[in-house]
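Open the structure in your viewer and keep the sequence panel beside it. The stops below say what to select next and what is there.

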Amino acid sequence: MPSAAGERARRHVSVTIKDVARMANVSVASVSRALNGHTGVTAETQKRIREVATRLRYVPHNAARSLITRRTQTIGALLPDLHGAFFSELIRGIDLAARARGLYLLVSSSHGDATEAAIALRAMQGRVDGLLVMSPHADRVFLDESLPIVLPTVLINSHVRSERHAAIDVDDYGGARAMVEHLLSQGRRRIVFIAGPEVNHDVQERCRGYREAMTEAGLGEYATVLSGDFTEESGYHAGKQALEAAVRPDAIFAANDMMAIGCLSALAEAGIRVPDDIAVAGFDDIPMARYVSPPLTTVRVRIAELGEAALERLVRMIDADEDSPPEPRIVVGTELVVRASTGSRDASTRKG
């Protein structure tokens with residue numbers, strides 16, 4: 001005699017989309033739209049359908065659905081790295097938006113290597129309905145050689161401008177300018193910038209904003225750029241290097257928060273008071289930035305929202321007709337978040 005558990009398992013396996021539609025008192029098409037995140041279903045109806053599907057433990061048959069729609073219901077994401085607070089927040093934003101639409105996420109990284117990036121992109125072809133690409137190697141030639149023309153692709157923080165690909169960028173230039181202007185307003189003049197990897201588009205734009213703001217303040221000849229690679233360790237070494245200069249800086253602006261945090265450690269070791277002796281600032285506003293000592297002044301990028309916006313844009317491209325016009329480039333703004341590391345005891349924000 002079959003067990004009760006076995007009988008329940010068989011019933012769960014046999015649940016179909018028609019069962020969900022009947023229990024929710026809607027059409028099969030409405031169930032499909034609701035579970036796939038498409039429009040045309042009210043929020044109340046969608047909630048009822050999802051509750052019924054959960055109660056019945058309905059699992060969509062993805063293989064059958066793929067044969068009908070010719071879609072995998074999977075989105076690919078290529079990132080330069082998967083380590084660190086920035087990328088974990090970005091993936092979180094993409095994944096939450098994907099799951100809300102019944103989509104799966106396939107993530108890979110290139111670790112700063114163009115060959116690995118190309119291999120990862122080719123491996124995803126045929127497995128994903130579209131791609132999110134954030135890679136320092138994603139120039140026009142690389143994309144043309146690595147991606148089929150028909151695969152919808154959204155570039156995140158890329159210098160490439162192409163009708164074939166949509167683009168969503170952070171206003172790195174404006175954010176860096178706003179930070180330098182803030183430091184100048186605090187009476188800082190010898191402002192050193194810690195850069196990240198040279199091939200990184202974010203770094204190039206942040207460095208450009210730093211240099212132009214210094215030049216406009218009549219301090220261009222004193223602009224100093226130290227090398228880094230976005231890690232805490234590189235920020236630590238850059239901080240020690242800044243202290244060894246013939247003329248010490250009175251402010252250090254790092255191209256990301258992780259390097260700024262490493263720099264804080266180097267200054268603390270040397271007995272430097274922050275911000276009394278040297279102010280320190282970063283970029284990104286990762287969650288840790290507010291908890292270091294002193295709390296870090298930074299440029300806020302709403303990282304999870306950036307991932308969500310990129311995913312939404314990609315879904316629109318996937319659902320669009322072949323004759324639809326290309327998606328325009330979107331620039332996501334930044335905010336200056338002032339904390340104690342640059343001299344303010346009270347946190348404040350303003351757009352940069």
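**The cores**

Start by selecting Leu90; beyond four places in sequence, its contacts are Leu79, Met134, Ile303, Leu306 and Gly307. Keep in mind that this is a predicted model.

Now widen the selection to the core around Leu90. Leu90 is among the residues with the most contacts inside the largest nonpolar core, which has 73 residues.

Show the strands as a cartoon and look for an open sheet of six, paired in parallel in the order β2-β1-β3-β4-β5-β11. The edges are β2 (104-109) and β11, each of which pairs on one side only. From one strand to the next, the twist averages 20°.

Select β3 (residues 130-133) together with β4; three bridges pair them in the parallel sense. Within this pair, Leu132 has Val154 of β4 as its bridge partner.

Move on to β4 (residues 153-156) and β5, which run parallel and are joined by three bridges. Here Leu155 has its bridge partner in β5, at Ala167. On to β11 (residues 330-332): three bridges join it to β5, again in parallel. Ile168 is bridged to Ile330 in β11.

Stay on β5 and display its side chains. Is this strand (residues 166-170) enclosed or open? Five of its five residues are buried, so the strand is largely enclosed by the rest of the structure. Ala166, Ile168 and Val170 point one way, while Ala167 and Asp169 point the other way.

**Two buried residues**

Select Asp284, in the loop between β9 (279-281) and β10 (298-300). Asp284 has a relative accessible area of 5%, and the cut-off for buried is under 20%, so this residue counts as buried. Show what lies within 4.5 Å of Asp284, leaving out residues up to four places away in sequence: the contacts are Phe86, Arg206, Asn256, Asp257, Thr298, Val299, Arg300, Val301 and Ile303.

Now go to Leu184 in helix α9 (residues 172-185). Leu184 is buried as well, with a relative accessible area of 16%. Apart from neighbours within four places in sequence, its contacts are Arg189, Ile191, Ala213, Ala217 and Leu219. Draw a distance from the C-alpha atom of Leu184 to that of Ala213: the separation is 9.4 Å, for residues 29 apart along the chain.

**Confidence**

Finally, colour the model by pLDDT. The average over the protein is 85, and 87% of the residues score at least 70. Select residues 1-13, where pLDDT stays under 50; the model has three contacts for this stretch beyond four places in sequence. Then select residues 63-69, where pLDDT is also below 50. Beyond near neighbours in sequence, residues 63-69 have seven contacts in the model.

Terms used:
Residues numbered from 1 in each chain as written. Predicted model: local features only at pLDDT ≥ 70, side-chain atom pairs only at ≥ 80, totals over all residues. Heavy atoms only, no water. Core = buried A, V, L, I, M, F, W, Y, C linked by side-chain atoms within 4.5 Å. Buried < 20%, exposed > 50% of the residue type's maximum accessible area, 1.4 Å probe, protein only. pLDDT = per-residue confidence, 0-100. Helix = DSSP H or I, 4+ residues; strand = E, 2+ residues; numbered from the N terminus. Pairing = 2+ DSSP bridges. Axes fitted to C-alpha atoms, helices over the stretch in contact; angles between N-to-C directions.
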